[in-house]
Amino acid sequence: MSTLRELKSRIGSVSSTQKTTSAMKMISSAKMRKATSQLQRLLPFRDMVQSIISHLLVTDQEFDSPLIAEREVKSIALVAFGSDDGLCGAFNINIFKQLLAIINNLRDTHGNNVKITIVPVGKKLAKAAHKIAGNGIDVVNAPINTRSDVDELSAFTEMLKDRFLSKEWDRVELLYMHFKSTSKQIFTREQLLPVSYKTLAQEIDARAANSPCLFEPSASAIFESVLPLHVRAMVQEVFTESAASEQATRVMAMQTASDNASELLEALNLEYNKLRQQGITTELLDIIGGQVQR
């Protein structure tokens, strides 16, 4: 009977685990839907900024800004977006592996003397990043976390801009998981600063060429005002993409854990029933044997 008690205890533990993982899956699903809805709300702002830039770039005027100024790359900042919490599968591991590969690639491209600064967003990624600090690699903890609001994110964007404009960093890149669907997230690497003029030109809205505009006070002044908005929109979108990807990964991880718990629970129940049936059969044989002896 002690074996039956142990099995019953294990069944109760696995059942409790299954309920917990199912609840966590539901919570993560709700958070993922919230993040994807935030992405949808960001689209009008991003489209508006892109439309203004498109109208500016179709003119014959040449634009200049410190935010698009290319210079010799001696120092690079890699802003990597991870998670604060665990139980999200290989989300942080995959980002960290890609981060290591990018560091090796940068050294192959710019030489071993290039200074690399990692700016991890999320406690899990920050803990891993600090383990590789040294030998030309610095780690600067981001002043935000995965639960930061718009104001904190805007202040973080300003910090990145200030360090670029002060020439502390010659390039700033964003590393994150792009959200495609609940089951698919793609690691993405994008250059934030300097803003690529070629990239802006490639994203010109075709409608802008057919709808000329008058600019007041001037096209250059508007370009100077809109470009920081483009940078801010880019950071906000990447931050939200990462949040949606994190929750999607957690949903899949909790689904897998729940499925494994169901399989284990089924196997334990089967074993419990077999032992219980065996015990009942043994008791019946003992009773029948006693009656025969009489």
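1. Largest pocket. In this predicted model, 25 residues line the largest pocket, and Lys34, Gln38, Thr146, Arg147 and Ala243 lie nearest its centre. The pocket holds about 630 Å³ of space. Its lining draws at least two residues from each of helix H1 (2–57), helix H4 (150–165) and H7. By class, the lining counts 10 nonpolar, eight polar and seven charged residues.

2. Salt bridges overall. The whole structure contains 11 salt bridges. Arg46, Asp47 and Glu237 are linked in a network of them. Asp47 is partly exposed, because its relative accessible area is 44%. Arg46 is partly exposed too, at 32%.

3. A pair within helix H4. Lys161 and Glu158 form a salt bridge, 3.2 Å from N to O. Both residues lie in helix H4, three residues apart, or about one turn of the helix. Is Lys161 buried or exposed? Lys161 is buried, because its relative accessibility is 9% and the cut-off for buried is under 20%. Glu158 is partly exposed, at 30%.

4. Arg163 and Glu168. These two side chains also meet in a salt bridge, 3.5 Å from N to O. Arg163 has 25% relative accessibility, so Arg163 counts as partly exposed. Glu168 is partly exposed, with 40%.

5. Nonpolar surface patch. Ile280, Leu284, Ile287 and Ile288 make up a nonpolar patch on the surface. Together they have about 370 Å² of accessible area. Ile280 sits in helix H7 (residues 219–293). Ile280 counts as partly exposed, because its relative accessibility is 41%.

Terms used: Residues numbered from 1 in each chain as written. Predicted model: local features only at pLDDT ≥ 70, side-chain atom pairs only at ≥ 80, totals over all residues. Heavy atoms only, no water. Patch = residues over 30% accessible without salt bridge, like charges linked within 9 Å, V, L, I, M, F, W, Y side chains within 5 Å. Areas by Shrake-Rupley, 256 points an atom, 1.4 Å probe, with all protein chains shown as cover. Salt bridge = Lys/Arg side-chain N within 4 Å of Asp/Glu carboxyl O. Helix = DSSP H or I, 4+ residues; strand = E, 2+ residues; numbered from the N terminus. Buried < 20%, exposed > 50% of the residue type's maximum accessible area, 1.4 Å probe, protein only. 1 Å grid on protein atoms, 1.4 Å probe; cavity = no way out; pocket = protein on both sides within 12 Å on 5 of 7 lines; lining within 4 Å. Points joined across faces, edges and corners; volume = space filled by probe spheres on them. Nonpolar A, V, L, I, M, F, W, Y, C, P; charged D, E, K, R; others polar.
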